[in-house]
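Please look over the following model with its strands, its nonpolar cores and its loop residues in mind. The briefing begins with one residue and then widens to the chain.

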Amino acid sequence: MVHPRKAHLVKLNLALTFLLISTVCVAADSGNLREAGSLTTYSTQVVPMVIVGEGWSQKLIFHNVDTWNSTAKITFYTNTGALFPVEVLNVGTNSSFTINVPVGKTLVMELATKFFTQQLGCAKIEQYTTGPTASGDYSGIGDMFGQIVFRKQSPGLPDFMCSLVLGGLGFRKTTTYFDNTNGNFTGMEILTSDPNSTSTANVALRVTVRDINGSVIATKVIQQKHKTLYWFNLGVDFPETINRTGTFEVEVVDTYSTYLSAFSLQFAGNGAFTIITPFED
């Protein structure tokens, strides 16, 4: 799939239309092709997982790849969808921050390392224009790439790190490889990333677990509220995955009821981990 590029001269007028198209028709009529970890310059992006506490920290990295400056608001949310105050080093503690990234520059936001009980959340990044200048330049909405670098500090162990590029708002289905053999275990996060929804109703998500040969070994329909995050420990939530490798698939039952974002961590028995990038459809 070739990522659609916003034309500079019509960027502001088409921002809303582009957002709606990109979230509903990500793989528009492209057969069975899927995206893996969509590196994107969408005007709204999602940080699917933020982990605070128990030695975790994150760096949010933004790079302006445009010929205009970039301005954006970053808002952090808890796993239940409430505002999530976090401490950003050399900035302060808040649930929302404004960033400015000049042309060709890179900005790094680092969340402070905390050692209290672990808290999970996510973040939404919304670019916006500061308005046309005298020359007609819609300054502030220059395209940005983003990524997040995770770091875990534990006494007596080396620091473990991994990273993930940021993607768009969501998809209708995600599929992730898992490996729960030889002491490994897999965590899978599902985020109903529909930020404009005001619904308080649950949405139905169909979970299908397959072995490496594609045979179904477990199915379940779960109920999750809009704009919330759920973290699966596959060995606990789906004991059928113990000592197996395969895929973990989550699909919206009613295609237009919500959008999904996903995140997966593969842990080794010694505490080391890496991100397994979901396939998104």
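T78 counts as buried because its relative accessibility is 17%, where buried means under 20% relative accessible area, exposed over 50% and partly exposed in between, with a 1.4 Å probe and protein chains only. The model is predicted, so that local features need pLDDT of at least 70 and side-chain atom pairs count only at pLDDT 80 or more, while totals for chains, interfaces and linings use all residues. Residues are numbered from 1 along each chain as its sequence is written, and side-chain values use heavy atoms, with hydrogens and water left out.

**T78 and its strand**
- T78 belongs to strand β4, residues 70-78; helices (H or I, at least four residues) and strands (E, at least two) are DSSP runs, numbered from the N terminus.
- Beyond its neighbours within four places in sequence, T78 is in contact with L83, F84, L120 and G121, contact meaning heavy atoms within 4.5 Å.
- The side chains of T78 and T80 make a polar contact at 3.0 Å, that is, a pair of N or O atoms within 3.5 Å of which, within protein, one must be able to donate a hydrogen and the other to accept it, and residues adjacent in sequence count only if both atoms are side-chain atoms.

**Pairing of β4 and β7**
- Strands β4 and β7 pair in the antiparallel sense over six bridges, pairing requiring at least two bridges found by DSSP, and T71 stands opposite N100 in β7.

**Nonpolar cores**
- The largest nonpolar core has 39 residues, of which F62, F76, F150 and L265 touch the most other members; such a core is a set of buried Ala, Val, Leu, Ile, Met, Phe, Trp, Tyr and Cys residues joined through side-chain atoms within 4.5 Å.
- Strand β2 (residues 44-52) contributes the largest share of this core, six residues.
- Another core, of 18 residues, lies apart from it and includes F178, V207, I217 and A218.

**Loop residues with positive phi**
- N90, in the loop between β5 (86-88) and β6 (92-94), has a positive phi of about 65 degrees although it is not a glycine, and it counts as exposed because its relative accessibility is 86%.
- N243, in the loop between α2 (234-237) and β17 (245-252), has a positive phi near 65 degrees and counts as exposed at 59% relative accessibility.

**The chain as a whole**
- The chain has two helices and 20 strands, and buried residues make up 49% of its 281 residues.
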